[in-house]
Amino acid sequence: MTRLLVVDDEATVRELLSATLRFAGFDVTSAATAAEAVAAAAEEPPDLVLLDVMLPDMDGFEVVRRLRPTPVLFLTARDGQADKIQGLSLGADDYVTKPFDLEELIARIRAVLRRTTGRANDDVLTVGLLALDAEGHQVTRAGSPLRISPTEFRLLHYLMENAGRVVSKAQILERVWRYDFNGDTSIVDTYISYLRRKVDDQDPKLIHTVHGMGYVMRAPKS
């Protein structure tokens, strides 16, 4: 999955942006400081960093130098022409000023990814005759489109990217809902049921229960 690193010291901006980008199909991690950003990029190199200029411990322009050659998109309230020129001259791939339109930002992210990695997001995932287009936010089975909710889409995406591997309810909660419902995993069972009615309303079945362990999506045997 295309990995993004969001760096912003404003918690509200950081959390809203991270949630929006996850919904758009990206794998997102976040950092509140320059030090956290540099450490996160070293541990798991992102495909693109969304970077605020005004950070509490280091100027974002200095962070760009430390992150090279990782692609960077500045996302900042500093909208002066000199700031834009400096950021782009340092090697940033784009410069977006706050406030910003989320749809335009996602389009700019995908444009940078096309230039720097040759892809805008994941390729289409397929399991048997089931296909999920993360960028287009579409699901089809045997060519016929399926209407599924945003949460069902995230759940299906997670199952498909782990096809052939059993994932536990706890893992699903962490990845799809991002919190644990105080240990109550019944929400997973409920949404698996919803998904089965739409994805598995015909044979062969793709979503399987592994009792005592979790769920697995398997392609039918040829």
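The sheet and its surroundings

A: The accessible surface of the protein comes to about 11,200 Å², and carbon and sulfur atoms contribute 49% of that area. The model is a predicted one. Its C-alpha trace spans about 60 × 40 × 30 Å along the principal axes. Of the 222 residues in the protein, 44% are buried. The secondary structure consists of eight helices and 11 strands.

Five strands make up an open sheet with parallel pairing, and their order across it is S2-S1-S3-S4-S5. The edges are held by strand S2 (27–31) and strand S5 (94–97); each has a single partner strand, and therefore one side of each is left without a neighbour in the sheet. From one strand to the next, the twist averages 20 degrees.

One of the pairings can be followed in detail. Strand S3 (residues 48–51) and strand S4 (residues 72–76) run parallel and are joined by three bridges. Within this pairing, Val 49 has Val 72 of S4 as its bridge partner. Helix H1 (residues 11–23) packs on the sheet and touches strand S1 (3–7), S2, S3 and S4. The direction of H1 makes about 170 degrees with that of S2.

The structure holds three aromatic pairs. In one of them, the ring centres of Phe 61 and Phe 74 are 5.3 Å apart and the planes stand at 75 degrees, so the pair is classed as edge-to-face. An angle over 60 degrees is what places a pair in that class. This pair links distant parts of the chain, since Phe 61 belongs to helix H3 (residues 60–67) and Phe 74 to strand S4, 13 residues apart. Are these two residues buried or exposed? Both Phe 61 and Phe 74 are buried. Together with Tyr 95, Phe 61 and Phe 74 form one aromatic cluster.

Leaving aside residues up to four places away in sequence, Asp 83 touches Phe 61, Arg 78 and Tyr 95. The relative accessible area of Asp 83 is 16%, and Asp 83 therefore counts as buried, the cut-off being under 20%.

The expected span is 1.5 Å times one less than the number of residues. For the 12 residues of H6 this gives 16 Å, and the end C-alpha atoms are 16 Å apart, which agrees. Nine of the 12 residues of H6 are buried, so the helix is largely enclosed by the rest of the structure. Among the buried residues of H6 are Thr 151, Glu 152, Phe 153, His 157 and Tyr 158.

A further run of strands pairs in the antiparallel sense. Strand S7 (residues 130–133) and S8 are joined in this sense over four bridges, and Ala 131 stands opposite Thr 140 in S8. S7 and S8 form a hairpin with four residues between them, and His 137 in the turn has a positive phi of about 55 degrees. S8 also pairs with strand S9 (residues 144–145) in the antiparallel sense, over two bridges. In that pairing Arg 141 stands opposite Ser 144 in S9. The hairpin of S8 and S9 has two residues between its strands, and Ala 142 in the turn has a positive phi of about 55 degrees.

The faces of strand S8 (residues 138–141) illustrate a general rule. In a regular strand, side chains alternate between the two faces of the sheet. In S8, Val 139 and Arg 141 make up the covered face, while Gln 138 and Thr 140 make up the uncovered one.

To return to the sheet, its order is S2-S1-S3-S4-S5, helix H1 packs on it, and Phe 74 of strand S4 pairs with Phe 61 of helix H3.

Definitions and conventions: Residues are numbered from 1 along each chain as its sequence is written. This is a predicted model: local features need pLDDT of at least 70, side-chain atom pairs count only at pLDDT 80 or more; totals for chains, interfaces and linings use all residues. Side-chain values use heavy atoms; hydrogens and water are left out. Two strands pair if DSSP finds at least two bridges between them. Axes are lines fitted to C-alpha atoms, for helices over the stretch in contact, and angles run from 0 to 180 degrees between N-to-C directions. Contact means heavy atoms within 4.5 Å. Rings of Phe, Tyr and Trp (its six-membered ring) pair if their centres lie within 6.5 Å; planes under 30 degrees apart count as stacked, over 60 as edge-to-face and the rest as tilted. Buried means under 20% relative accessible area, exposed over 50%, partly exposed in between (1.4 Å probe, protein chains only). Accessible areas come from the Shrake-Rupley method with a 1.4 Å probe; for residues, only the protein chains shown count as cover.
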